Structures are given as C-alpha cells and as structure tokens.
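Here is a quick tour of one protein chain, put together for someone just starting out. Keep the 3D view open while you read, and find each piece as it comes up.

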Amino acid sequence: MWVADMDFATPPCVIDALVARAKHGIYGYSEPDAEFFSVVQKWFRERFDWNVERKWLIATPGVVSALYIAVRALTKPSDGVLIQQPVYPPFESSVKQTGRKLLVNELVYSNGHYSIDFQDFENKIKDAELFILCNPHNPVGRVWREDELMRMGEICLRHGVIVISDEIHQDFIYPEHRHIVFTKLDPRFADITLTCTSPSKTFNLAGLLYANIFISNEKLFSRFEQEYTCCGLSQPSLMGMVSCKAAYESGAEWVDELKSYLCGNMSFIKEFLKERIPKIKLVEPEGTYLAWLDFLALGLSAQELNDLITHKAKLWLNDGPSFGLGGKGFQRMNAACPRSALNKALESISSCFS
Ligand SMILES: Cc1ncc(COP(=O)(O)O)c(C=O)c1O
C-alpha cells in the first residue's frame, strides 16, 4: 500500500484502444497529432475550465522527469529551489541530485489540518529561483484554495520566482473542494508557470510513461525544450499517447465513479480509526487517493513506528520521514484498492496498536 498507483484496472475504453493499436503492428516514432490534442484540450476545458494551446504542450515520459528537466533548465547549480514538506520525495531529490540548494517551507499541522506559513514562505523564497508547488498536495491531501494560490503566486511574482505546478492528482478531488489550475488564476501566473499533468494517476497508466506538460511562456518553453533535448528525449511513448487519448475521450464517467468509491474508502478509514483505534487519525484528504495517517498520539520514535507497521502489522506503507520535514509520526497509506483490502490492512494496524 505504498507506491501511488491503483489496484483497479484501467477502464475498458483504454484497454480496447491499446489492443487495437497493438494489432496495427507498426510502432514507429510518433507525435501528438491534431486529433490527439483536441481530445486533451477538451478534457482540460470541460473538467477544469482551462483552455490549453497546442504550442504549450511538451510530452515527457513522466512528471518526475519533467521536474528534473525543469530544475536543470531553469536554475543553475547552487540556486535555491523552494518546496513545501512533507511532500512527494522526488521534489527534494530533483533539487539535491541536480546540485541546487534545497529550501523548505514546512507546512503547518494544527487540529488535523495543514496550512501554509506565508511569512516563512516569503522569507525562504527570497533565496529561490524556483518554487515547486504540489496541488493537490501529496501526501497531506490539501487542495489549495484560491486565496492560498493567489497569495503564493503574488509572492512568487514579487520575488521573480518561476513556478512548477505539479497537478498530477487534479482528477481526485473530494466533494466540497475544487481543483484550481494555478496558471489559470492570473495571466501573470501563466507567464511564470510550468504545469505538469498526466493521465497516469487517474487511469492507472504509470507504466506507459506519458505526461502532458504545459508551458505558455515561450521563453520558458524553449529553455525547457532545450534541456529535454539535451537529455536525449524526442518523441513521446506511442502507447502512452494512445492510452491518454482514449482515457480523456471516453473515461470521464469511469473517473467519476472511481472517485466516489475512493471517497467511500476515505470515509471507511476515518470511521474505522475513530471506532477502533482513536489514537490514530486520518488527516482528512480534500483530494488524492493517499491517506496520511497521524500516529503522533502514540509517542513512538520514527524507527519504532516503522518497525511496528512493517514487521508487526506486516504492511508496506510509506514512512512519514521519507517525505521530509514534518513527516515524523506519520505514515502514508494508498487507499486506491478494494475496500476488503483496506479493511484487512486496518485490522492489521488495529491488532498492533489497539
Ligand atoms: C505529486 C506527484 N508528482 C509526480 C508523481 C509521479 O509522476 P510520474 O509517474 O509521471 O513521473 C507522483 C506519483 O506519486 C506524485 O504524487
């Protein structure tokens, strides 16, 4: 229950499209064509009220590769890059492994909810060239509100900082929350932002290695493209494109059903913990299929907690500290599985901790 992919098969429309393309027999170098793009465009227009243009699109083998390319393209060694931990570990590694300086605006955890310390955000960003935003946020499950995004964007503008907005979890938003595409909020934000999207989380396609990156500022686009080329990349994955097109063309209803099942899974975790192990709390997610579990009340060291989860409950979750600052005392559980599997996992945790 660790890595962020799902136990659910991709929808039949995707399987059918892949099988049909497989039968074609010729799998040569391929590019996103006009038909492909119009499907992608429609998806973002209808689901997020966002009008993307063809010339903004560059396809990469994934969002993580795009993060690394962007960090290298848009900063120099030892430049500062700001991230908000606890956060998806490749944010930190894309900064450290490329020899940039890691700056962390630690999220504030209070009363079971995460928020941003904007004073700290602004202090840290003074030393940064780049900010990597995670919206919705993995692992804490926040779907940033308009006022929060506006405030972060204004601070970035004030300090001349470029933004990478990783929106890979944008299709998993729970009732009463709404995903806002950061770049869409203000034309000035569009001018400083690279938006990373992908059908891979939503339709369980991670192994097909395909992501849609949108960059509307031409200068940022060409800097990104140059680094992309320097990595030896050119045409994207054919089957990645085939699956993306089929998913975006015919998968909307499937995603909506999936989302309501996942929402039920989150309620199931919450109720289970409340009734059976009240010391462990679910940080209620506003989005993503990842459950961020708070074990702080147990007062265990990071090592003790991880040993219990791994060796006594015999579960493989993600250890909180792997998400950086603020991760101690937490574990991340992937809830994109049948409820029966979730129940089994929670029973194991219960037998260890109650
Ligand atoms: C925030 C975030 N970005 C990127 C990824 C991975 O993207 P990809 O598989 O396209 O590299 C994940 C996977 O969990 C994620 O949570």
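Across the boundary between the domains, 26 residues of domain 1 are in contact with 22 residues of domain 2. On the domain 1 side of that boundary, the touching residues split into 14 nonpolar, 8 polar and 4 charged. Bear in mind that this is a predicted model.

**The domains**

- The chain is split into domain 1, covering 12-250, and domain 2, covering 253-353.
- Take the C-alpha centres of domain 1 and domain 2, and you'll find them 26 Å apart.

**The sheet of 7 strands**

- A bit of background first: strands in a sheet pair up through backbone hydrogen bonds, and the pairing can be parallel or antiparallel.
- Now look for an open sheet of 7 strands, with mixed pairing and the order β1-β9-β8-β7-β6-β2-β3.
- Which strands sit at its edges? They are β1 (57-60) and β3 (101-104), and each of them pairs on one side only.
- Ignoring direction, neighbouring strands in this sheet are turned by 20° against each other on average.
- Zoom in on β8 (residues 193-197) and β9 (residues 211-215): these strands run antiparallel and are joined by 4 bridges.
- Helix α5 (residues 118-125) lies across β2 (80-83), β3 and β6 (128-134), and runs at about 140° to β6.

**The sheet of 4 strands**

- There is also an open sheet of 4 strands, this one with antiparallel pairing, in the order β10-β11-β13-β12.
- Its edges are β10 (281-283) and β12 (318-319); each has a single partner strand, so one side of each has no neighbour in the sheet.
- β12 pairs with β13 (residues 330-334) over 2 bridges, in the antiparallel sense.
- Within that pairing, D319 stands opposite Q331 in β13.
- Helix α11 packs on this sheet, where it touches β10 and β11 (290-294), and its direction makes about 150° with that of β10.

**Helix pair α11 and α13**

- For α11 (residues 252-276) and α13 (residues 339-353), the axes come within 11 Å and cross at roughly 25°.
- Angles under 35 degrees count as roughly parallel, and α11 and α13 are therefore roughly parallel to each other.
- The crossing of α11 past α13 is right-handed.
- Who meets whom? From α11 come N265, F268, I269, F272 and R276, and they meet R339, L342, L346 and S350 of α13.
- By type, the residues in this contact of α11 with α13 are 5 nonpolar, 2 polar and 2 charged.

**Helix pair α2 and α10**

- Here the axes of α2 (residues 34-48) and α10 (residues 238-250) come within 9 Å, crossing at roughly 45°.
- α2 and α10 are therefore oblique to each other.
- What is the handedness when α2 passes α10? The crossing is left-handed.
- The contact involves F36, V39, V40 and W43 from α2, together with M241, K245, Y248 and E249 from α10.
- Sorted by type, the residues of this contact of α2 with α10 are 6 nonpolar, no polar and 2 charged.

Note on methods:
Residues are numbered from 1 along each chain as its sequence is written. This is a predicted model: local features need pLDDT of at least 70, side-chain atom pairs count only at pLDDT 80 or more; totals for chains, interfaces and linings use all residues. Axes are lines fitted to C-alpha atoms, for helices over the stretch in contact, and angles run from 0 to 180 degrees between N-to-C directions. Angles under 35 degrees count as roughly parallel, over 145 as roughly antiparallel, 65 to 115 as roughly perpendicular and the rest as oblique. A crossing is left-handed if the near helix is turned anticlockwise from the far one by less than a right angle, and right-handed if clockwise. Two residues are in contact if their C-beta atoms, placed from the backbone, lie within 7 Å. Ala, Val, Leu, Ile, Met, Phe, Trp, Tyr, Cys and Pro count as nonpolar, Asp, Glu, Lys and Arg as charged, and the others, Gly among them, as polar. Two strands pair if DSSP finds at least two bridges between them. Domain bounds come from an automatic or database domain assignment.
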